[in-house]
Amino acid sequence: MTGGLHDLVYGLGVAFQPINLIFGVAGVIAGTVIGVIPALGPTQGAALLLPVIFRLPAHTGLIFLSGLYMGAIYGGSVTSILFNIPGTPMAVASAFDGYPMAMKGQGARALAGSALSAFVAGSVCIIMFTLFARPLAEYALTWGPPEYFSVLILAYAALVGLGGSSVIKTVMSVLFGLMLTTIGTDNITGSLRITFGSIDLMAGVKFLVVVVGAFGIGELLRAAEENIMTRGAVHARVNWRDVLDALREMAGYWKTFIRSTLSGFWIGVLPGTGATPASFVGYGMAKRFSKHPEKFGTGILEGVVAPEAAASSAEIGSLLPMVTIGVPGSPTAAVIMGALLIWGLQPGPLLMRDHPEVVWGFIGSMYFAALLSMCLNLFAIPLWTQILRIPFTVQVPLITLLCYIGGYTENNTFFTMGMVLVFGLIGFLFKKMDYPLAPLVVAVVLGNDTEDALRRSLIMSHGSFGILFTRPTSLAMLLLAAILFVLPLWVSIRGRPQPPKEATR
Amino acid sequence: MRKAGILTALGFVAFSIAVMVQAWQAGMGWREGQPQAGFFPFWLGLILAACGVVVLGQGLAASKEAVGAFFHDRTALTSVLKVSVTGVVMLALTYLAGFYAAAIVYLFVYTRFVGRHRWPAVIVMSLLIPIGSYILFERTLKILLPRGIFAVLPFLQ
């Protein structure tokens with residue numbers, strides 16, 4: 001155990017060498033810009049910059065990458081909170097309460113809360129990482145497709161009842177999202193399906209197109225309908241008292257914080273899952289355990305703290321299996337692993353023995369990057385909130401163009417650009433008809449993994465669904481999912497009688 | 001609103017049936033020791049269709065009173081149309097004349113005729129934003145945005 005801490009101190013020593021400091025700062029700035037642009041997330045950013053990065057020495061390059069990674073996570077939350085356009089998928093849940101807060105003029109508090117909770121959770125997780133790296137990774141490795149499928153079901157169940165939407169409409173939203181991901185090429189057999197005879201659909205419907213359309217264009221349409229342009233820019237004056245206030249208020253959410261951090265870290269460690277499901281589970285749990293769940297979604301700081309802490313924890317957690325065993329825990333971890341391979345370093349136990357300066361320098365730089373992106377971005381909050389002063393009639397064309405570009409970069413086809421508009425209209429319709437959007441987006445992100453996990457489980461069991469219920473970990477996950485699913489139904493039956501949904505609007 | 005709810009539910013049912021037909025064509029059974037490609041989408045479609053029917057039933061059973069129109073007034077409708085129609089025109093122009101030329105026209109029209117900003121601001125914005133995105137995407141990130149059928153801005157070709 002003390003050996004682990006000694007390693008971390010060694011890693012911090014590497015990270016604080018001047019050249020590494022400079023590249024760390026550059027990485028954070030580049031990452032923040034990439035995160036703010038909805039079209040680009042940390043995975044794409046890291047992939048785009050790889051040709052530049054691998055000319056640097058390995059540990060310097062990795063420090064740049066971890067800065068990029070942390071900066072992008074923060075940048076994604078900025079657009080998510082201020083515009084309700086999640087710059088990165090893991091920032092979707094931050095918009096649930098962050099955006100209402102921004103609408104109430106508390107954008108600075110939301111941003112401060114998001115940065116602080118991401119940083120504190122990140123720090124806690126880096127220490128956990130150091131202490132529990134090997135045993136945890138070994139246990140996660142014993143999980144097979146059935147356990148993974150059950151975890152995903154748990155992630156979906158956590159979405160039911162979010163934001164007060166009806167259970168059936170949430171389920172429909174999840175199903176619709178899952179079905180969208182089945183369009184195009186089948187991942188396992190490679191055959192084509194559900195293409196409706198269209199060549200363009202063979203490439204499938206990608207997360208980015210759906211999220212940019214539904215959240216970007218859809219939100220613009222909704223804002224236009226509610227006539228935000230007459231109200232002008234959102235009132236966002238920033239002073240340091242807001243930041244201190246956020247910090248003080250956060251101290252009261254320590255329980256939420258611990259739940260999010262632990263669950264986020266654990267979900268991150270699981271191969272394949274990353275920050276996105278973690279953020280939803282974190283948000284869902286905070287709401288479930290809250291004494292006032294109805295306040296979630298109206299713009300409370302706790303609703304920003306929970307997903308941000310979980311996402312940040314999962315980001316650190318997802319690096320754990322990558323570094324210790326060579327199995328990336330998230331897409332971004334996979335890109336970072338790609339970079340390691342370019343440098344001729346094979347992640348795994350041997351790397352930890354032969355190149356400790358790389359592994360621990362990387363861990364140390366993660367910590368340093370978390371600190372740096374928090375500081376840089378706390379100071380930059382006034383800058384980000386200035387964006388809100390831009391009049392609505394300028395925001396509309398700007399955001400529309402960004403959304404189109406985002407859709408285009410997905411596949412470099414005009415077709416995906418048009419799909420952005422289609423999903424914008426679908427997103428607007430969802431909002432109008434009280435279908436929750438978040439489950440749709442989560443399902444689109446996790447759809448391929450869900451199908452793979454289910455089909456691989458069925459292959460293992462020769463077609464019997466029993467395999468999901470006979471393996472203890474999987475059964476436990478499913479039971480937990482069932483509780484999360486039934487709870488909102490139970491509350492609505494036992495508690496206040498609900499008025500018919502149609503009459504609410 | 002009631003009508004819109006019913007139509008949305010019908011839309012879900014129609015989409016599910018379309019996917020189920022396609023999934024059935026791709027094969028939704030068991031072959032060579034594993035589920036076929038259409039297996040997952042078929043069952044998803046079946047459940048979604050069932051949910052859609054339930055919502056459809058709820059919509060039909062709901063009383064006709066106490067439900068407003070889809071748009072609460074005319075201004076709301078016009079605002080939504082302004083954003084969506086200009087968005088569609090932007091796409092069509094991109095297809096014809098390429099992204100940058102389209103963006104110039106789109107920004108100009110939107111900021112001047114919808115936003116009613118002053119002329120200098122309009123001209124600065126409709127030139128600076130396309131140039132900025134050219135530098136960012138085309139030069140820095142090496143992402144080539146659509147060129148269009150007609151070369152309106154020949155230096156881009």
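Let's start with one residue, A:His462. A:His462 is exposed, because 10 other C-beta atoms lie within 10 Å of its own. The cut-offs are these: 20 or more other C-beta atoms within 10 Å is buried, 12 or fewer is exposed, and in between is partly exposed, with C-beta atoms placed from the backbone.

A word on the model. It is predicted, so local features need pLDDT of at least 70 and side-chain atom pairs count only at pLDDT 80 or more, while totals for chains, interfaces and linings use all residues. Residues are numbered from 1 along each chain as its sequence is written, and chains are lettered from A and ligands numbered from 1 in the order in which they are written.

Back to A:His462. Its place is in the loop between α20 and α21 (467-470) of chain A. Helices here are DSSP runs of H or I with at least four residues, strands are runs of E with at least two, and both are numbered from the N terminus. Phi of A:His462 is near 55°, a positive value in a residue other than glycine.

B:Arg116 lies in the loop between α4 and α5 of chain B. Its phi is positive too, near 55°, and it is not glycine. B:Arg116 counts as exposed because it has 9 C-beta neighbours inside 10 Å.

Which residues of α4(B) are buried? Among them are B:Phe99, B:Tyr100, B:Ile104, B:Leu107 and B:Tyr110. The buried residues of α4(B) pack against α3 and α5 of chain B, together with α18 (392-411) of chain A.

That brings us to the two chains together. The contact takes 60 residues from chain B and 49 residues from chain A. Contact means that the C-beta atoms of two residues, placed from the backbone, lie within 7 Å. On the side of chain B that touches chain A, the elements giving two or more residues include α1 (2-26), α2 (39-61) and α5 (119-140) of chain B. Which helix gives the largest share of that side? It is α3(B), with 13 residues. By class, that side of chain B has 40 nonpolar, 18 polar and two charged residues. Here Ala, Val, Leu, Ile, Met, Phe, Trp, Tyr, Cys and Pro count as nonpolar, Asp, Glu, Lys and Arg as charged, and the others, Gly among them, as polar.

Now chain A. It has 22 helices and two strands. Of its 505 residues, 61% are buried. Take the contacts in chain A between residues at least 6 apart in sequence: 79% of them join residues at least 24 apart.

Next, helix pairs. Two packed helices are described by the angle between their axes and the distance between the axes. The axes are lines fitted to C-alpha atoms, for helices over the stretch in contact, and angles run from 0 to 180 degrees between N-to-C directions.

Pair one is helix α8 (residues 167-182) and helix α20 (residues 438-461), both of chain A. They pack at about 50°, with axes 7 Å apart. That makes α8(A) oblique to α20(A). Under 35 degrees would be roughly parallel, over 145 roughly antiparallel, 65 to 115 roughly perpendicular, and the rest is oblique. The residues in this contact include A:Phe176 and A:Leu180 of α8(A), and A:Val441 and A:Val444 of α20(A). By class, the contact has ten nonpolar, eight polar and one charged residues.Pair two is helix α12 (residues 254-269) and helix α13 (residues 275-289) of chain A, which pack at about 150°, with axes 9 Å apart. That makes α12(A) roughly antiparallel to α13(A). The residues of this contact divide into eight nonpolar, six polar and one charged.

Last, the core. The largest nonpolar core has 203 residues. Such a core is a set of buried Ala, Val, Leu, Ile, Met, Phe, Trp, Tyr and Cys residues joined through C-beta atoms within 7 Å. Its largest share, 15 residues, comes from helix α4 (residues 58-83) of chain A. A:Val210 is one of the residues with the most contacts inside the core. Leaving out residues up to four places away in sequence, A:Val210 touches A:Leu180, A:Val205, A:Phe423, A:Val441 and A:Val444.
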